[in-house]
Amino acid sequence: MRTSSLGLFRPGQSPIHRLPPGTKLLVLLVLGAASVVTQRWWWLVAALVVASVLAYRLAGWGVRLWWTQLRPLWMLLAFTAVVHALTSGWQRAVADTGTIVVLVACAALVTLTTPTTALVDTIVRMAAPLTRFGVDPERVGLFLMVGIRCVPLVAGLAEQVREAQIARRATTSTRAFVVPLVVRSLREADALGEALVARGIDD
Amino acid sequence: MFNMILRVTENPVRRTTARDIAIIAVFAAITAALGLLPAIYLPVSPVPITAQTFGVILAGAVVGGRRAGASQLLFLALVALGLPLLAGGRGGIGVFVSPTVGFLIAFPTVAGLIGWATERVGAPYRLLPGLVVNTAFGIGVMYLFGWVGMMATTHLAPWAAIVALAPFLIGDALKVVIATLTAKGVHASYPGLLRSRTARAVAGAA
Amino acid sequence: MRIELERVSHTFGDGSTARTVLRDVTLTLTERRIGVIGHNGSGKSTFLRLLNALIVPTSGRVLVDGLDTARDARELRRRIGFLFTDPDAQIIMPTVSEDIAFGLRRSGLSPERVDARVRDLLVRFGLDAHAGHPAHLLSGGQKQLLALAAVLITKPLALVMDEPTTLLDLRNAAMIGRVVADLDQTVILATHHLDLLAGFDRVLVFHEGRVVADAPPAAAIAAYRHLMDPES
């Protein structure tokens, strides 16, 4: 089961890789719920930040990959830290900014160490109790899989549309790109819908 | 292929057909593909304009409320599963605890609301009502969610959260306009997605 | 397998946009290899979709082994597999082996049995090296083989193929042709690659919604050529 080449998953043999996906998601959930409490002590949050870096070590990587996960957020994090430092003191700045860092880094770690398909299977299993509320877990899985499949399909269409645009020396406006992309995607959806029916999804 | 289109227009019973599944999946992928477009930096703001929320508005304006909402929910699920589909190649559950989480949660809601309102207005798709609907939900509701999410994650004061979000507004205003024009173009080249006002009146009377 | 069409007509749309694509077609098909030719828009695709209940005719009946396509669509699709022109549009699952296994997800077979069947097909079509790969990275010919494997996994009694080689190069088209020739199943194949029809039992020529020729390959192809270019 390797959908990995599409996702952020990085293969490995570390203890974190070998943990069942359900357990990892549970730890993450507990961590998120506990953050309401841990946020009261800045030193505890600081310790958790250090622990999150160590968790990346344990998974076989270093502080660089840890930072890669946080880099897109650095401006917002800096802004939050500065505002808190000015309005409520540096302890609050450490606690609140640090909590975001811990949660984002740990959630990213789950993603990095768990293959996409394993997560889909876990979600389908977790959705089982929802059957009584009219949720069909198998349907959920089907949606996720068809969705995963459509990403490269539409990306391929986008590439073709872009090439056609260049070939015709059309303008590079967003609209001139997106209209044909959406129209071709809708046609592709018609064909895919027909294929789903032919292969037994007729409701 | 044509019979599928017919089945939808002839049979307005609300259930998810195989074609709906395909459209939902394809629109989730379109939102993803738009995130791959290079970000544009305007000199007045440090925040890049990405095309991602463009996909949210477009889904609503093109395929109707139920399918649009479902497509963006699926998009978020794929992001959560670890596909690097957010602008800048981000993904994974980490983004759901980051300060911009409010915007993400808004995706299905906004797409659903825009789709619902667009269906109410009916075919043919017109620019002015489209612009009003897309601005009201695509910016109004989107930022309401984004603002609350920002405060919840960063514990910033309401004014500080507004300051943090303001730079995004310039790009989003631009996106709403382009998305509306795009939706008009799509409806022109692929008719039949929206039921016309007259057809709806007839169906309602029957 | 016995396929009967009784006075079948089909119209898409209504009012000013109505387009009649099949006109009063009556046929009985029992042969193992049936070809369908005709130019684009002649009604070939609609005819094929009728057989798999993807389309229910606006008038007339289609019976497959006595089952009416208007009523027994589900059972019918279990017996008849459908191969589309564009393999990209019919690959549903992200990876090669997952897509082949898709048709069995509600079959009640044990995971081991499913795996064994998937492996057989992977080996038979030379895809075993790609089992875990994303389907979209395959070449065009491999994608069509994957699509065929995904249809064959449910062991249908017949296969309906709508121009499966139109998007392929000559080498891949010939390769698909050889694979098709070796199938045990009944095959109903629409194609523009006329050489694929060598050895077929019966070939139907469609023109403007009607069957205008119904003969062994050589005679049918001659009739088709004459239709396209009456001078010849």
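Because the model is predicted, local features are given only at a pLDDT of at least 70 and side-chain atom pairs only at pLDDT 80 or more, whereas totals for chains, interfaces and linings use all residues. Residues are numbered from 1 along each chain as its sequence is written, chains are lettered from A in the order in which they are written, and side-chain values use heavy atoms, with hydrogens and water left out.

In terms of pLDDT (the predictor's confidence in each residue, from 0 to 100), chain A averages 83, and 93% of its residues score at least 70.

Chain A is divided into domain 1 (4-115 + 122-126) and domain 2 (129-198), with bounds that come from an automatic or database domain assignment. Five residues from domain 1 of chain A and seven from domain 2 of chain A take part in the contact between them, where contact means heavy atoms within 4.5 Å. The centres of the two domains of chain A, taken over C-alpha atoms, are 32 Å apart. Between them about 410 Å² is buried, of which carbon and sulfur atoms give 82%; buried area is the accessible area (1.4 Å probe) that two parts lose on being put together, summed over both.

The contact between chain A and chain C takes 27 residues from chain A and 26 residues from chain C, and the two chains bury about 2400 Å² between them, 55% of it on carbon and sulfur atoms. A:Arg149, A:Glu194 and A:Arg199 supply 31% of the area that chain A buries against chain C, more than any other three residues. Three salt bridges are counted between chain A and chain C, and the side chains of A:Arg199 and C:Asp99 meet in a salt bridge at 3.3 Å, N to O. On the side of chain A that touches chain C, the elements giving two or more residues are α8 (137-167) and α9 (174-198) of chain A.

Notes. A salt bridge is a side-chain nitrogen of Lys or Arg within 4 Å of a carboxyl oxygen of Asp or Glu. Helices (H or I, at least four residues) and strands (E, at least two) are DSSP runs, numbered from the N terminus.
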